[in-house]
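Subject: A structure for you to look through

Hi there,

Here is the structure I promised to hand over to you. Please open it next to this email and click along as you read.

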Amino acid sequence: MKKGFTIIELMISMTILSFIALFVYQNTSRSFELRETLTQDGDFYNSVRVALDTFGRDIVHIYTPQAAALPGDLGKAPKSSTNGQVQQEQLSPATYDFWGALVNKNGVRPTRFNGDASKISFVTNSHMRLFHDTDECEFSKIKYGLEDDSLSKDSKKVFVKRENTEVFSLDRENKELEVRYILLTGVKDVRFKYLDGEKDSWS
């Protein structure tokens, strides 16, 4: 007489196989989720590294000539006569976003570094010229800051670099020359700190 599996034995076997299959599925699913999370984190931190490298390169190449560093008499302050009156013509006190007031009547202006907790702007000479025979400047106006992300659903922002090669215009800017680079997405907040050289403290 031939004997086979009973119904109870089959049900027990199927139950054990079901638990094994469920265990394998859960582990496989978690592995894919972990891989996706690690990939997203890796991409984000790589973007952070690239953004910091870009920011650092621009900061290192800030163009900020001091009056004393200018050749000849260009950076010297106007001389005063014996009665204290300036012998040269009155200098313009006007300052602009990227340029300070006139140093002297030769038209020399120092550049300005403007910054607060959320944005920074300055002139840099880190702009790369791709073609030497084009009307392209090695200097550029740089702005860093947070801007609203139109694609974000949770009010996160994007960390943006704006670059404009029309450096030597004072009170006007050609927006067509401005290029906007999104360095980081999904940013909640950015805070800049500045080192006070005299007090040796951050603010």
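Below is what was found in it, topic by topic.

This is a predicted model, in which local features need pLDDT of at least 70 and side-chain atom pairs count only at pLDDT 80 or more, while totals for chains, interfaces and linings use all residues. Residues are numbered from 1 along each chain as its sequence is written, and side-chain values use heavy atoms, with hydrogens and water left out.

**The overall layout**

The secondary structure comes to one helix and seven strands. Helices (H or I, at least four residues) and strands (E, at least two) are DSSP runs, numbered from the N terminus. Along the sequence the pattern reads α-β-β-β-β-β-β-β. The chain has 203 residues, of which 22% count as buried. Here, buried means under 20% relative accessible area, exposed means over 50%, and partly exposed is in between (1.4 Å probe, protein chains only).

**A nonpolar patch**

Which residues form a nonpolar patch on the surface? They are Ile 8, Ile 12, Ile 16, Leu 17, Ile 20, Phe 23 and Val 24, and together they have about 720 Å² of accessible area. Patches are made of residues with over 30% relative accessible area and no salt bridge; like charges are joined within 9 Å, and nonpolar side chains (Val, Leu, Ile, Met, Phe, Trp, Tyr) within 5 Å. The areas come from the Shrake-Rupley method with a 1.4 Å probe, and for residues only the protein chains shown count as cover. Ile 8 is exposed, with a relative accessible area of 59%.

**Salt bridges**

Side chains of opposite charge can pair when their charged atoms come close. A salt bridge is a side-chain nitrogen of Lys or Arg within 4 Å of a carboxyl oxygen of Asp or Glu. By this rule the count is eight salt bridges.

One of them joins Arg 49 and Asp 53, at 3.5 Å from N to O. These two are four residues apart in helix 1, so about one helical turn separates them. Arg 49 is partly exposed, at 46% relative accessible area, and Asp 53 is also partly exposed, at 46%.

Another salt bridge is between Asp 58 and Lys 161, at 3.0 Å from N to O. Asp 58 lies in helix 1 and Lys 161 in strand 4, so this pair ties together parts that are 103 residues apart in sequence. Are the two partners buried or exposed? Asp 58 is buried, with a relative accessible area of 0%, and Lys 161 counts as buried at 5%.

Glu 178 and Arg 162 form a salt bridge too, their closest N and O atoms being 2.8 Å apart. Glu 178 is in strand 5 (residues 178-187) and Arg 162 in strand 4, so the pair ties together parts 16 residues apart in sequence. Glu 178 is buried at 18% relative accessible area, whereas Arg 162 is partly exposed at 23%. Salt bridges that share partners join Glu 147, Arg 162, Glu 178 and Arg 180 into one network.

**The largest pocket**

The largest pocket has a volume of about 240 Å³. Of its 15 lining residues, the closest to the centre are Lys 119, Ile 120, Ser 121, Lys 143 and Tyr 144. Two or more lining residues come from each of strand 1 (114-115), strand 2 (119-124), strand 3 (140-148) and strand 4 (157-164). Strand 3 gives the most, with five residues.

As for the terms, on a 1 Å grid over the protein atoms alone, a pocket is an open set of points where a 1.4 Å probe fits, with protein on both sides within 12 Å along at least five of seven lines; lining residues have an atom within 4 Å of a point. Grid points are joined across faces, edges and corners, and a volume is the space filled by probe spheres set on the points.

Asp 200 sits in the loop between strand 6 (195-196) and strand 7 (201-202). Its phi is near 55°, a positive value in a residue other than glycine, and Asp 200 is exposed at 63% relative accessible area.

Ile 182 is in strand 5. The C-alpha atoms of Ile 182 and Val 160 are separated by 4.6 Å, although the two are 22 residues apart along the chain.

Enjoy exploring!
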